[in-house]
Amino acid sequence: MRFTLLPDDYCMHVPRPPRPRVPFDIGITALVLVLCVLYGLVFGSMIYVSIQEQLIAPHTHEPGLGSLPHFHSPAEWALLVLPALIAVGGTLSSLRYLITRSRRH
């Protein structure tokens with residue numbers, strides 16, 4: 001059986017799709033920036049709550065909660081602080097890249 005292409009199956013003068021308005025590297029950097037800011041907000045809020053519970057007012061909790069606040073070990077503090085520092089570094093480096101690229105163009 002022989003297959004032949006009909007005139008509707010292909011067209012030589014198809015217009016190219018339009019180029020994206022935002023360059024690829026800017027789009028990826030903006031996505032990384034948004035994710036790093038959100039990541040930093042999540043871990044920053046966890047650090048804020050932990051500091052409130054453990055350092056500022058460790059013994060002022062409501063008696064109906066049933067237990068004392070949990071005090072973090074150094075390993076737990078590292079697991080809270082290191083992701084927040086990574087998020088801050090990602091945010092600053094993304095902003096630096098966007099600023100230097102905007103000055104260049």
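A residue is called buried under 20% relative accessible area, exposed over 50% and partly exposed in between, using a 1.4 Å probe and protein chains only. The model is predicted, so local features need pLDDT of at least 70 and side-chain atom pairs count only at pLDDT 80 or more, while totals for chains, interfaces and linings use all residues. Residues are numbered from 1 along each chain as its sequence is written, and side-chain values use heavy atoms, leaving out hydrogens and water.

The chain holds two helices and zero strands; helices (H or I, at least four residues) and strands (E, at least two) are DSSP runs numbered from the N terminus. Of its 105 residues, 16% count as buried.

Searching the whole structure turns up one salt bridge, defined as a side-chain nitrogen of Lys or Arg within 4 Å of a carboxyl oxygen of Asp or Glu. Here the side chains of Asp 25 and Arg 101 meet at 2.8 Å, N to O. The pair links distant parts of the chain, with Asp 25 in helix 1 (residues 24-56) and Arg 101 in helix 2 (residues 74-104), 76 residues apart. Asp 25 is partly exposed at a relative accessible area of 26%, whereas Arg 101 is buried at 17%.

Helix 1 also contains Gln 54, which is buried at 9% relative accessibility. Leaving aside residues up to four places away in sequence, Gln 54 touches His 70, Phe 71, His 72 and Trp 77, where contact means heavy atoms within 4.5 Å.
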